[in-house]
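Please look over the structure shown here.

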Amino acid sequence: MMSPTSAPQTNAKRFWGEEKNIDSIYSIYLKKICYSANSSHASASDLARSASQHSNDINCQKDSPSRGRKNFFQKYRRRSCSMDKYQKGSTATTTNNTTTTNNTTLGIVPGSNQGSIQKLANDVSSSPQSSLQWETRQIRILQAATLDHVLKFILLINSPKDNSFSSSSSSSSSSTGDGSLEEERNNVAHIIHVLFCTYRIYTNPYELMMKLMDYSDICRIEQYRFVMHYWMDNYPEDFDYIVKPNNDNEKSEGVPLVNELLRVCQDDYIRKKAIALSQLRAINMAPPDYLDGDTSRRSRSGNSAVLDLDSRYIAQQLTAIDLENFLNLRIYSLLEGTRSDKHVQSMIKNFNLLSRHVVVTILRSHSPHIVTGHWIAIAMNLRKIKNFNSLKAIIAGLTNESIYRLKQLIWNKLDRLSLANFKLMASIVDDVDNQIVLRQTQLVAEGTAKMSIEDDSFGTIPYLGTFLTDLNMIDARYSTYVPSPKDETSKLKLINFEKCAKQFEILTQVQLLQKNVLASLHALQRRNHFDEQTTLNRMDQSRQILPPKPDIPKVSRLFENWFYDNSVASMTDKQCYEISVALEHQ
């Protein structure tokens with residue numbers, strides 16, 4: 001039997017055309033599938049070699065002494081028969097008795113000789129299945145569709161046209177395996193990932209849930225449960241969405257989406273998952289957030305104290321701030337129109353505040369070159385920790401116009417090592433060629449690298465602006481909706497899933513880095529708290545829907561008071577430039 005194998009040189013797909021419907025647009029690609037013979041069918045040389053070896057074994061058994069005379073000569077004779085077998089090879093002739101015995105295994109008519117073995121080998125090699133070398137398959141990829149069509153697609157509810165396509169595809173590939181079915185399953189799985197990651201741009205969780213429940217009666221219950229299970233497992237925060245009541249009373253409070261699901265859902269399997277999700281929500285109702293940007297916690301400590309703080313200590317504290325925001329970041333909150341997430345705003349705010357700290361501490365110091373060298377040492381420690389977000393912020397402060405223009409006062413007084421380190425760090429986060437070096441460093445070189453306890457690294461914390469830039473470019477290039485090609489009124493708009501797929505690819509990179517940091521923190525937590533009580537707690541927590549969050553390093557109160565300084569946050573670029581000009585004329 002032939003089994004399909006995609007050869008490396010023929011794995012590429014070629015665009016064939018588009019399938020345009022009133023509610024969907026599919027791109028049709030042609031893919032060449034190659035086949036190789038299965039191991040159950042032997043070649044002609046294998047059959048001949050098997051027959052020859054089997055006949056030699058029988059000759060050895062016939063010439064061997066009786067069972068009672070097991071002595072040295074018997075062992076020697078068996079060894080000589082074995083050597084004789086290898087000397088004769090595959091061209092040795094056999095007697096009629098040997099051929100008859102071997103025919104039982106090969107299925108040859110008794111009385112045949114080596115010629116009949118070769119004839120059988122030729123018949124196998126000329127079979128219709130082995131003559132099939134490759135075939136071309138059509139692969140449909142969803143490019144744009146209405147939300148209803150997408151839900152039917154992931155719930156495997158096909159339209160009549162889709163049914164005819166599926167039946168024709170299955171009949172054409174019935175003799176070649178389930179490769180086309182595997183392609184369709186991969187396409188459905190991809191659409192599920194893209195849908196639940198990007199749907200918040202064009203709908204809300206309540207509307208999506210109600211549409212899914214509308215199709216629950218006409219689809220397979222297993223597929224419906226799978227989709228709902230995937231949603232609740234990967235995006236449980238969606239079920240905290242507050243559903244407003246239908247009445248016009250503005251004072252009436254809404255209910256969480258999980259409670260609405262329990263009210264309208266009749267499936268016991270989904271209700272069980274929803275109950276567990278509701279219980280977990282009650283436990284984690286108000287997680288503590290110590291980085292909420294509260295101005296009451298800020299003090300007015302002197303900025304010259306930056307020299308009193310060790311460079312490694314500052315790098316560790318900056319990483320602890322970024323870790324809290326990065327791990328609590330919802331990847332879909334990076335999309336255009338959904339960037340109101342407090343963790344996204346906090347990361348952007350802390351980035352600008354750190355850059356301002358660099359500028360202000362240098363300009364207010366009596367020895368600006370010494371403070372500049374200290375910030376370069378902090379940047380080197382951040383590179384070891386793999387915190388590219390704070391590293392980019394420090395380099396942005398050092399290359400600020402108010403600092404970079406002071407050649408005689410700062411840069412000519414730096415030692416050779418500090419200046420070389422600055423140029424190295426600046427080359428990593430440079431904006432040349434769309435930040436190609438930074439992309440290669442934080443996504444390829446350090447993206448999924450193992451943690452380093454010696455360097456206090458828990459994984460890569462990327463510069464968020466890289467992904468925001470890519471998402472802005474995708475949003476500017478592609479529209480969210482496209483008109484239906486067969487709607488004469490042009491009122492029906494299709495969701496552009498080509499754009500959603502590109503956005504999902506960028507968001508997946510952020511999610512991969514998040515999972516790598518979480519895995520490192522989990523490993524560190526198991527290493528530090530490996531005792532019996534912790535093992536029991538882990539067993540209890542494993543029964544929940546979500547894995548327990550690891551302990552994130554906390555920020556010290558001393559550093560918080562220094563970092564969230566009102567006098568630094570209130571400084572403007574104009575004021576910094578005026579101080580820079582004054583220092584230059586001293």
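This is a predicted model: local features need pLDDT of at least 70, side-chain atom pairs count only at pLDDT 80 or more; totals for chains, interfaces and linings use all residues.

The protein chain has 586 residues, and 42% of them count as buried. It holds 25 helices and 8 strands. There are 0 disulfides in the structure.

**Overall chain**

- The secondary structure comprises 25 helices and 8 strands.
- Among contacts with a separation of 6 or more, 77% join residues 24 or more positions apart.
- Of the 586 residues, 42% are classed as buried.

**Helix pair α6 and α9**

- Two packed helices are described by the angle between their axes and the distance between the axes.
- Helix α6 covers residues 147-154 and helix α9 covers residues 205-214.
- Their axes come within 10 Å and cross at roughly 55 degrees.
- At that angle, α6 and α9 are therefore oblique to each other.
- The crossing of α6 and α9 is right-handed.
- From α6, the contact uses Leu147, Asp148 and Leu151.
- From α9, the contact uses Leu208, Lys211 and Leu212.
- By class, the residues of this α6 and α9 contact are 4 nonpolar, no polar and 2 charged.

**Helix pair α14 and α25**

- Helix α14 spans residues 342-363, and helix α25 spans residues 573-584.
- The two pack at an angle of about 30 degrees, with their axes 10 Å apart.
- Angles under 35 degrees count as roughly parallel, so α14 is roughly parallel to α25.
- The crossing of α14 and α25 is left-handed.
- On the α14 side, the contact residues are Arg356, Val359, Val360 and Leu363.
- On the α25 side, they are Asp573, Cys576, Ile579, Ser580 and Leu583.
- The contact residues of α14 and α25 divide into 6 nonpolar, 1 polar and 2 charged.

**Cysteines and Asn234**

- How many disulfides does the structure hold? The count is 0.
- A disulfide needs two cysteine sulfur atoms within 2.5 Å.
- The closest cysteine sulfur to that of Cys197 is in Cys500, 9.4 Å away, which is too far for a bond.
- Is Cys197 buried or exposed? Cys197 is buried, at a relative accessible area of 1%.
- Cys265 is also buried, at a relative accessible area of 2%.
- Asn234 belongs to helix α10, residues 221-234.
- Asn234 is partly exposed, with 41% relative accessible area.
- Asn234 and Cys197 are 37 residues apart along the chain, and their C-alpha atoms are separated by 9.5 Å.

**Loop residues with positive phi**

- Leu156 is a residue other than glycine with a positive phi, near 60 degrees.
- Leu156 sits in the loop between α6 and α7, the latter covering 160-172.
- Leu156 is partly exposed, with a relative accessible area of 44%.
- Lys386 also has a positive phi without being glycine, with a value near 70 degrees.
- Where does Lys386 lie? Lys386 is in the loop between α15 (368-385) and α16 (388-398).
- Buried means under 20% relative accessible area, so Lys386 counts as buried at 8%.

Note on methods
Residues are numbered from 1 along each chain as its sequence is written. Side-chain values use heavy atoms; hydrogens and water are left out. Axes are lines fitted to C-alpha atoms, for helices over the stretch in contact, and angles run from 0 to 180 degrees between N-to-C directions. Helices (H or I, at least four residues) and strands (E, at least two) are DSSP runs, numbered from the N terminus. Angles under 35 degrees count as roughly parallel, over 145 as roughly antiparallel, 65 to 115 as roughly perpendicular and the rest as oblique. A crossing is left-handed if the near helix is turned anticlockwise from the far one by less than a right angle, and right-handed if clockwise. Contact means heavy atoms within 4.5 Å. Ala, Val, Leu, Ile, Met, Phe, Trp, Tyr, Cys and Pro count as nonpolar, Asp, Glu, Lys and Arg as charged, and the others, Gly among them, as polar. Buried means under 20% relative accessible area, exposed over 50%, partly exposed in between (1.4 Å probe, protein chains only).
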